[in-house]
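Here's a quick tour of the fold you're about to look at, sheets and helices included. Have the structure open while you read, and click along as we go.

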Amino acid sequence: MNTPVVTIDGPSGAGKGTVARNIAYELDFHLLDSGAIYRILGLAAIEQGVAFDDIGGLVALANSLELSFPFDRERTGIVLDGVSLGQKLRNQIVADAASQVALNPSVRRALMGLQRRQAREPGLVGDGRDLGTIVFPDADLKIFLDASVEVRAERRYLELIESGQIVERSVILRDLEIRDFRDRSRDVAPLVPARDAYVIDSSEKTVAQVVMEIQDLCKARRLA
Ligand code: C5P
């Protein structure tokens with residue numbers, strides 16, 4: 001039997017990360033934060049002076065990554081080559097770099113194995129943009145978590161303020177709109193719901209409500 005996989009895709013700020021962590025915690029499954037992989041690659045490109053259009057350089061970087069995502073109910077950790085990364089990935093510069101390196105099909109292909117290797121027993125919950133469509137097309141349950149751009153920008157704003165960053169609401173909104181457009185309109189792995197995805201709009205819902213809804217779906221599919 002294949003390892004059970006739950007995918008949660010959607011645009012930035014829809015709440016995917018928190019929801020995925022809660023579901024993984026409840027099911028006692030492993031967790032994959034695929035956005036963090038693209039963020040690490042974006043950050044590594046900046047730090048090592050690899051241009052966003054240097055495909056060979058980016059693919060070499062992508063092939064060298066070894067990651068895991070230890071987590072508890074409150075927090076998702078990221079361990080790269082045995083070293084724990086803190087909040088270093090959670091800023092606008094890295095988010096923008098991530099969505100630029102993510103445009104390239106060779107880079108995406110190079111990261112496929114790393115993502116698929118996270119599907120280990122007893123199961124995996126992953127969040128991203130193309131997990132249900134490309135990375136795990138046979139996933140047992142696919143969720144597409146959406147929310148209005150205004151709600152998503154406000155959530156991202158509060159998250160960044162809470163982590164001590166000085167940001168402006170209008171800048172966050174503009175950045176989200178640019179990143180959304182880039183993610184939705186790219187040729188490879190664009191952000192779209194899988195045909196068999198269950199679409200949830202979280203604009204008017206709390207995290208707890210969304211988690212409960214997904215837990216019910218997991219139960220109905222005998223994943224819980
Ligand atoms: O989810 P997060 O905001 O951390 O993702 C950062 C960027 O990485 C996204 O804007 C997107 O361009 C890219 N990404 C992707 N495919 C994924 C996850 C993230 O292209 N599965």
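Predicted model: local features only at pLDDT ≥ 70, side-chain atom pairs only at ≥ 80, totals over all residues.

**Helix α3 and its partner α5**

- The crossing of α3 and α5 is right-handed.
- On the α3 side, the residues involved are Ile55, Leu58, Val59, Ala62 and Asn63, and they meet Ser106, Val107, Ala110 and Leu111 of α5.
- Sorted by class, that contact has seven nonpolar residues, two polar ones and no charged ones.

**Helix α3 and its partner α2**

- Helix α2 (residues 34-47) also meets α3: their axes come within 10 Å and cross at roughly 125°.
- That angle makes α2 oblique to α3.
- The crossing of α2 and α3 is right-handed.
- Which residues make the contact? From α2 it's Leu41, Ala44 and Ala45, and from α3 it's Leu58, Leu61 and Ala62.
- The contact of α2 with α3 has six nonpolar residues, with no polar and no charged ones.
- Leu58 and Ala62 of α3 turn up in the contact with α5 and in the one with α2.

**The five-stranded sheet**

- Five strands make an open sheet in the order β2-β6-β1-β7-β8, with parallel pairing.
- Its edge strands are β2 (30-33) and β8, each of which pairs on one side only.
- From one strand to the next, the twist averages 20°.
- β1 and β6 (residues 124-128) run parallel and are joined by five bridges; threonine 7 has glycine 126 in β6 as its bridge partner.
- α2 packs on this sheet too, touching β2 and β6, and its direction makes about 45° with that of β2.
- Helix α9 (residues 207-220) lies across β1, β7 and β8, and runs at about 160° to β7.

**Strand β7 within that sheet**

- Is β7 (residues 141-146) enclosed by the rest of the structure or open? Five of its six residues are buried, so β7 is largely enclosed by the rest of the structure.
- Strand β1 (residues 5-9) pairs with β7 in the parallel sense over four bridges, and isoleucine 8 stands opposite isoleucine 143 in β7.
- β8 (residues 198-201) pairs with β7 in the parallel sense, over four bridges, and here leucine 145 stands opposite isoleucine 200 in β8.

**The three-stranded sheet**

- There's also an open sheet of three strands, in the order β3-β4-β5, with antiparallel pairing.
- β3 (67-68) and β5 (83-85) are the edge strands, each pairing on one side only.
- β4 (residues 78-80) and β5 run antiparallel and are joined by three bridges; valine 79 has serine 84 in β5 as its bridge partner.
- α2 packs on this sheet, touching β3, β4 and β5, with its direction at about 45° to that of β4.

- Arginine 156 sits in helix α7 (residues 149-162).
- Is arginine 156 buried or exposed? Its relative accessible area is 13% and the cut-off for buried is under 20%, so arginine 156 is buried.
- Leaving aside neighbours within four places in sequence, arginine 156 is in contact with Ser12, Gly13, Arg39, Ile172 and Arg179.

How values were computed. Residues numbered from 1 in each chain as written. Heavy atoms only, no water. Left-handed = near helix turned anticlockwise from the far one by under 90°. Helix = DSSP H or I, 4+ residues; strand = E, 2+ residues; numbered from the N terminus. Contact = heavy atoms within 4.5 Å. Nonpolar A, V, L, I, M, F, W, Y, C, P; charged D, E, K, R; others polar. Buried < 20%, exposed > 50% of the residue type's maximum accessible area, 1.4 Å probe, protein only. Pairing = 2+ DSSP bridges. Axes fitted to C-alpha atoms, helices over the stretch in contact; angles between N-to-C directions. Parallel < 35°, antiparallel > 145°, perpendicular 65-115°, else oblique.
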